[in-house]
Amino acid sequence: MIVPRPLHSIHLLTFLSKRSSESLAQAGLNFRMKRALSAMSSSHDDGSLGCDNKNGRIWTHRPFQITPTTPSSSSSTSVKPKITNCPLPKTTPHSAPVDKLHSLVSSSPSPDKYLEQIHQSKVEFYETQFQSRVTKEEWPRIDRRTIQSPCGLGEVDATIYFPEKEKVIHDDTSSKLQGICLHVHGGGWLWGDSYHQVAHRCLEMAQSLNVAVVSVEYSLFCQVNRHSENNKSNAFDPVNDVSVAIDWIESNGVRELNAYPSFVGSGESSGAHLLLLAMLNRRDRDEVALHPPVPLPTMNSSPTSQSTNAASSSWSTSSWKCLNLVYGVYDISGTPSIRADGDSSSPLCGNDLLFLYDLYYSKVQESMKSTGDGSNSAQKSNPSLDRQHPSLSPLYANLSHLPPALISTGTADPLLDDSLFMANKYSSYGNHVELAIYEGGEHGIGHFGVQEDEEMGVRARGHTLDFMKEYL
């Protein structure tokens, strides 16, 4: 059996309070953090994911030590995590909402209509948020347009954000933007948009990175891509919508936005899920063109040197420099932390996420059965896919040679295991990955909810900007 390469390229960054980091040196991590870190194990002898609870550490092919003390002689060659002091969120963990999304919809006499009402209420909330967080002086930095794929994938609406004009030096050599950032918003595939929901954050990103941020208006459960041939629910194909944006950025974006051909991708929650799936589709198109097909390993198989080497040669000169994957969904069958959470967490609990997974899966199935189409060849050839199929759950995909990635999560997020497992597998295919874990961080830390602008949230958001800036 070919053993995966050592995980030398993974870097673990834990953000702990001063209190926690001090106690860490004496007693090790608190139970939840210790469970979270030990859950991110690498391949057993059979290549499967698992935990090393007995040793109480993350173990990969080169184990991380979970204490910041001087390593013993037996572990002197191990890679230690970087421990950074950061205050805990002031008011978290928060109490879970009394009214759960999954129970409200399930108990409604008309679930579909109730989902539309939820979507509309979010639209109104984001419109109000936009008015309070985006000034009139910033409006000229926002451009809403329709973009088209030159590869025949269709059209999609997008919102493009620019840095302040003073940021760009207008001369013959320095007039271009540093690059383009593809942004995919979150919202559980049910709500959210590329304008009202995320404008204040995309403007911040454009200014900080000196890039044009292209935020894609992908299909939602209650609102499909208006440019689809069939304007019904069976036009639901958000992965294809993101792929349209990727094609446009690569083909026309550089010229139209006056930017260097240096691209980064950023997505939160369901947006991270769609971004990663679309990137896999983008990579596979290169593979078909430049290399013979490589067998797709299963979740419990080891990546072979053949698969990693074949992919590396095609993407070695890619203009996609890095991916910023924030508290993402990578397994719509539900990771252990999702299923164990039940109704506990805020703002979304595990049962709410499982409910949204059911909706996503059913909508994709409806779309494929109604149109005989899908966002990739696997969906087209198999209209009845398992939830762990790589075209639905990227955790089970061949992740060979993708761009460097920052994967961020919090210990109070029911999606914790998604990020831990994804970081581990992403690295096992030879990709560089940095994993940032925020103690007490809930779903949405740094981007929405009560932890958006708390000190740890600001730190989390700033770290993602620094990571992307490093690769541009």
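## Backbone geometry in the loops

Asn210 lies in the loop that joins H5 to strand S6 (211-216). In this predicted model, the phi angle of Asn210 is near 55°, a positive value in a residue other than glycine. Asn210 is buried, because its relative accessible area of 13% falls under the 20% limit.

Ser269 is placed in the loop between S7 and helix H7 (270-290), and with a relative accessibility of 7% it counts as buried. The peptide bond from Ser346 to Pro347 is cis, with omega near 0°. Pro347 belongs to the loop between helix H9 (336-341) and helix H10 (350-371). As background, most residues other than glycine have a negative phi, and most peptide bonds are trans.

## The second largest pocket

The volume of the second largest pocket is about 720 Å³. Its lining comprises 40 residues, of which Lys122, Tyr126, Trp191, Gln197 and Phe448 are the closest to the pocket centre.

Several elements contribute to this lining: helix H3 (101-107), helix H4 (111-133), helix H5 (199-209), strand S7 (263-268) and H13 each supply at least two residues. H4 gives the most, with six residues. Sorted by class, the lining of the second largest pocket contains 17 nonpolar, 14 polar and nine charged residues.

## Helix H13

Helix H13 covers residues 455-471, a run of 17 residues. At 1.5 Å a residue, H13 should span 24 Å, and its end C-alpha atoms are 25 Å apart, so the two values agree.

The buried residues of H13 are Met456, Gly457, Ala460, Arg461, His463, Thr464, Leu465, Phe467 and Met468. H13 also supplies at least two residues of the lining of the second largest pocket.

## Cysteines

How many disulfides does the model contain? The count comes to zero when a disulfide requires two cysteine sulfur atoms within 2.5 Å. Cys181 is in no disulfide, and the cysteine sulfur nearest to that of Cys181 belongs to Cys202, 7.5 Å away. Cys202 is likewise in no disulfide, its nearest cysteine sulfur being that of Cys181 at 7.5 Å.

Are these cysteines buried or exposed? Cys181 counts as buried, because its relative accessibility is 0%. Cys202 also counts as buried, at 0% relative accessibility.

Technical notes: Residues numbered from 1 in each chain as written. Predicted model: local features only at pLDDT ≥ 70, side-chain atom pairs only at ≥ 80, totals over all residues. Heavy atoms only, no water. Helix = DSSP H or I, 4+ residues; strand = E, 2+ residues; numbered from the N terminus. Expected span 1.5 Å × (residues − 1). Buried < 20%, exposed > 50% of the residue type's maximum accessible area, 1.4 Å probe, protein only. 1 Å grid on protein atoms, 1.4 Å probe; cavity = no way out; pocket = protein on both sides within 12 Å on 5 of 7 lines; lining within 4 Å. Points joined across faces, edges and corners; volume = space filled by probe spheres on them. Nonpolar A, V, L, I, M, F, W, Y, C, P; charged D, E, K, R; others polar.
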